[in-house]
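Here's a quick walk through a few side chains worth a look. Have the model open as you read.

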Amino acid sequence: MKQSVWLLLTVSLMLVVVVFTLQNSEVATIKVFVWETRASLSLILISTFSLGILATGAYFMPSLINLRVSLNKAKKKIAKLEADKGNSELDSKQPN
């Protein structure tokens, strides 16, 4: 079921991209200081959107890595505390 939903979403997104590309195929000029280039409007928009996604991912990546490291440390500490608790319970139940 999940696979068919993902397939449907992927095909739908591809269809939207194709329609967007066909409707925005006119040539646009980009000027940045002394640099100038011409490309199709759809290519410019998709490239700009993709660069924005990459920049956002690069910005948040250190925070995500830090959170994962903290989570792994916390899981190890919890496992150690649970093991220590189990050992102390076994020691207290044994007759002297």
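Helices here are DSSP runs of H or I with at least four residues, numbered from the N terminus. Keep in mind that this is a predicted model.

With that in hand, take Asp84 and Lys80: both sit in helix H2, four residues apart, which is about one turn of the helix. Their side chains meet in a salt bridge, at 3.3 Å from N to O. By the rule used, the count comes to one salt bridge. As for background, side chains of opposite charge can pair when their charged atoms come close.

Next, the rings. The structure holds one aromatic pair, formed by Tyr59 and Phe60 in an edge-to-face arrangement. The centres are 5.0 Å apart, with 85 degrees between the planes. Why does that count as edge-to-face? Because the planes are over 60 degrees apart.

Here's how accessible the residues discussed in this report are:

| Residue | Relative accessibility | Class |
|---|---|---|
| Tyr59 | 62% | exposed |
| Phe60 | 44% | partly exposed |
| Lys80 | 53% | exposed |
| Asp84 | 37% | partly exposed |
| Ser42 | 3% | buried |

That leaves Ser42. Which helix does Ser42 lie in? It's helix H2, which covers residues 41-93. Ser42 counts as buried because its 3% relative accessibility falls under the 20% cut-off. Leaving aside residues up to four places away in sequence, Ser42 touches Phe20, Thr21 and Asn24.

Technical notes:
Residues numbered from 1 in each chain as written. Predicted model: local features only at pLDDT ≥ 70, side-chain atom pairs only at ≥ 80, totals over all residues. Heavy atoms only, no water. Phe/Tyr/Trp six-rings, centres within 6.5 Å; stacked < 30°, edge-to-face > 60°. Buried < 20%, exposed > 50% of the residue type's maximum accessible area, 1.4 Å probe, protein only. Helix = DSSP H or I, 4+ residues; strand = E, 2+ residues; numbered from the N terminus. Contact = heavy atoms within 4.5 Å. Salt bridge = Lys/Arg side-chain N within 4 Å of Asp/Glu carboxyl O.
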